[in-house]
Amino acid sequence: METIHRVLPNNELLAEVIRLVNEGRRVALPVKGNSMLPFIIGGVESVELVKPEVPQVGDVVLAWINGSRYVVHRIIKIEGNRVQLMGDGNLGGDEFCQLSEVAARAEYVINKHGRKRYLYTRWRVFASRLWWGLKPLRRIILGVYRRTWLKVEQAM
């Protein structure tokens, strides 16, 4: 079987991803950037997306934010219909969307070797909550992480 690769503009790619997710399919989406460090490594890992049931605080989601773009970030607060998100690797700069703008929920992280890790094990939920509590220290921890472990992960 021949595999055809072509590059789609982000808006076309994400529209297709959302269409497939809405059909009930699981879709692997490569992640860009460092906004979800240390839990998801952009440029190295992908997330497996599914149709969101009822989004919850702590979920990693694909959402249309600020009426301008899609991001894969964690929900940090839900008040009524308003959802507040932030990337785990961000030091500030919360983003907002409506519940209806949460397009998909990430269930697995997939490394470049195809190994899947479930995002919501007890340990990962605990670690993400602990990470949130360490928000004032993130700059230091992320700086060390980027200079050490991230380089190891990217080289593997």
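Accessible areas are calculated by the Shrake-Rupley method with a 1.4 Å probe, and for residues only the protein chains shown count as cover. On that basis the chain has an accessible surface of about 9600 Å², and carbon and sulfur atoms contribute 55% of this area. The model is predicted, so that local features need pLDDT of at least 70 and side-chain atom pairs count only at pLDDT 80 or more, while totals for chains, interfaces and linings use all residues. Residues are numbered from 1 along each chain as its sequence is written, and side-chain values use heavy atoms, with hydrogens and water left out.

**Overall architecture**

- The chain contains four helices and eight strands; helices (H or I, at least four residues) and strands (E, at least two) are DSSP runs, numbered from the N terminus.
- Read from the N terminus, the order of elements is α-β-β-β-β-β-β-β-β-α-α-α.
- Of the 156 residues in the chain, 42% are buried, where buried means under 20% relative accessible area, exposed over 50%, and partly exposed in between (1.4 Å probe, protein chains only).
- Among contacts (heavy atoms within 4.5 Å) with a separation of 6 or more, 52% link residues 24 or more positions apart.

**Helix 2**

- Helix 2 comprises twelve residues, 122-133, and spans 17 Å from its first C-alpha to its last, close to the expected 16 Å; the expected span is 1.5 Å times one less than the number of residues.
- Its buried residues are Arg124, Ala127, Ser128 and Trp131.
- These residues lie on the same side of helix 2 because they cover an arc of only 100° around the axis, the arc being that of the directions from the helix axis to the C-beta atoms.
- The buried residues of helix 2 pack against strand 4 (69-79), strand 8 (116-118) and helix 3 (138-147).
- On the face turned away from the buried side, helix 2 carries the exposed residues Arg122, Arg129 and Gly133.

- In strand 2 (residues 46-50), five of five residues are buried.
- In a regular strand the side chains alternate between the two faces of the sheet.
- Both faces of strand 2 are covered, with Ser46, Glu48 and Val50 on one side and Val47 and Leu49 on the other.
- Strand 2 pairs with strand 1 (residues 27-30) in the antiparallel sense over four bridges; two strands pair if DSSP finds at least two bridges between them.
- Ser46 in strand 2 is the bridge partner of Pro30.
- Strand 2 also pairs with strand 7 (residues 102-110), in the antiparallel sense and over five bridges.
- Tyr108 in strand 7 stands opposite Glu48.
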